[in-house]
Amino acid sequence: MIVLFNPHSTSPGKQPLPLSVMALAAVLEQRGDAWALVDGNLVPDPAAEIVARLSAAPRSPTPLVAVTVMPGPQLVQAVDVCRRVKAALPQVPIVWGGYFATQHTLAVLRAPYVDFVVRSQGEQAFAQLIDVLRRGGILNSVGSLSWKAGDRVVDNPVQPLTSLDDLPDLPYHRVPMARYIHANYLGRRTTAHNSSFGCPFACSFCAVVAMANRRWLAQSPARVERVVRHLATTYGVDAVQMHDMDFFISEARVAEFADRIAGVGVSWWGLGRVDTLMQYRDATWAKMARSGLKMVFSGAEAASDAALARMNKGGKASASLTLELARRMRAYGVVPEFSFVLGSPPDPLGDVAATFDFIRRIKRINPATEIILYAYTPVPLDGGMYDEARRQGFAFPDTLEEWVSPIWQQLALRRGDGLPWLDREVRRRIRNFERVINAYYPTTTDMTLTSWRRALLKLAGGWRYALEWYGAPYELRALNYLIRYQRPETTGF
């Protein structure tokens with residue numbers, strides 16, 4: 001029996017399909033291997049569930065636990081559960097994958113309760129690891145595998161990526177789909193899909209770079225259409241969140257996909273770069289709007305081209321294109337969702353002030369724009385921003401126990417706590433501005449906000465926004481206790 005574990009990652013009622021471990025499940029299903037999926041978003045005690053599944057299964061030559069891990073809540077539960085499972089079943093190997101394990105392999109394998117790490121794309125490597133454990137082969141033959149050899153860690157070379165069209169369909173019939181379909185801004189029955197892997201860019205704050213090494217592989221438009229139609233006809237889905245690292249890399253692919261699903265009756269959301277989307281033809285934008293595109297998440301990131309250059313944003317990224325995209329999307333009735341990385345060295349306070357002014361310009365052009373603010377948090381990519389962070393004393397933890405400590409959990413939320421270049425004043429300004437702009441422009445994605453609540457929030461935040469007086473918004477903090485509205489930067493939608 002092989003148990004695939006998806007640790008807790010979100011608040012109740014918002015749990016997305018565990019697409020990463022379902023991709024592994026699809027390979028196991030195709031091979032005829034026995035598997036079970038345990039989702040920490042659904043199961044109250046995942047460790048007990050995993051131990052029970054493995055203990056009750058017929059004797060197997062390859063019992064295994066595979067875990068996908070991101071920083072934050074997933075990491076906290078992954079550490080606790082794997083420690084308990086290893087204590088109960090020490091003979092069962094545990095393998096971690098995902099971008100946290102890929103970036104911080106050494107820290108992961110220092111833990112006595114993790115035996116292997118699969119770096120980058122996992123489907124092929126996972127199947128190879130199972131075969132080696134089952135047949136007694138050598139671990140060196142498993143591409144992308146990191147493993148313990150006595151006191152040292154061996155990193156096998158990363159193997160070539162597998163075309164997504166060559167991978168099997170996800171086994172939707174084996175998971176409780178009803179629990180992964182939710183009502184939200186996009187539709188009454190919204191679920192998730194992942195149609196591509198990787199990204200050809202190397203932004204210096206992005207965790208995706210280590211996973212894909214600037215490669216991008218995508219399912220064909222015909223395959224994405226087939227999946228969307230299956231979700232719609234079999235499960236009554238009327239909206240899909242495309243959880244790609246970047247859905248919009250290829251205009252031809254997106255245009256064909258939009259044509260193919262135009263009559264399905266499914267709205268959709270995706271993530272794409274500002275400069276890429278501004279290169280799209282008007283005809284493609286019209287097709288996307290007709291096909292049901294409601295919102296696009298883009299990393300606007302900064303208020304100046306110099307800041308974007310420090311971030312190694314690449315392409316043709318510029319602040320002026322962000323403004324143009326906000327204007328263009330308004331014309332097509334598609335909501336922009338722009339994220340910003342604030343407080344990056346060497347001048348965090350100046351960066352914050354410039355970004356606030358820039359966001360006000362965006363709101364004048366397109367008031368519907370969703371704004372999401374993050375503090376700059378390093379990722380281990382050698383270069384300008386990470387080198388500057390290290391110069392100021394930043395260092396990643398050496399052990400998983402330190403990673404799951406309270407201070408590092410706060411840092412994983414990208415709120416700025418514990419970062420040497422973000423002092424209390426910078427963090428205070430960011431959060432005060434968030435409180436004001438979220439009141440004056442409450443998110444359109446919050447379906448619980450009635451018209452009178454929106455009017456009250458707008459009234460309460462309006463004078464501050466007009467006067468650009470963001471300091472000490474105590475009345476807005478008090479109002480938040482009365483009107484619990486959605487905050488995209490912490491809860492999504």
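Student: Which residue in β6 does valine 118 stand opposite?

Tutor: This is a predicted model, in which local features need pLDDT of at least 70, side-chain atom pairs count only at pLDDT 80 or more, and totals for chains, interfaces and linings use all residues. Residues are numbered from 1 along each chain as its sequence is written, and side-chain values use heavy atoms, with hydrogens and water left out. Strands (E, at least two residues) and helices (H or I, at least four) are DSSP runs numbered from the N terminus, and two strands pair if DSSP finds at least two bridges between them. Strands β5 (residues 116-118) and β6 (residues 145-149) run antiparallel, joined by 3 bridges, and the residue opposite valine 118 is leucine 145.

Student: Which residue in β7 is the bridge partner of alanine 149?

Tutor: Strand β6 is also joined to β7 (residues 152-155), by 4 bridges, and these strands run antiparallel. Their hairpin has 2 residues between the strands, and glycine 150 takes a positive phi near 70 degrees there. The bridge partner of alanine 149 is arginine 152.

Student: Is arginine 188 buried or exposed?

Tutor: Arginine 188 is found in the loop between β7 and β8 (190-193). Buried means under 20% relative accessible area, exposed over 50%, and partly exposed in between (1.4 Å probe, protein chains only). With a relative accessible area of 64%, arginine 188 is therefore exposed.

Student: What distance separates the C-alpha atoms of arginine 188 and aspartate 238?

Tutor: Not counting residues up to four places away in sequence, arginine 188 touches His182, Ala183 and Asp238, where contact means heavy atoms within 4.5 Å. Arginine 188 and aspartate 238 are 50 residues apart along the chain, and their C-alpha atoms are separated by 6.7 Å.
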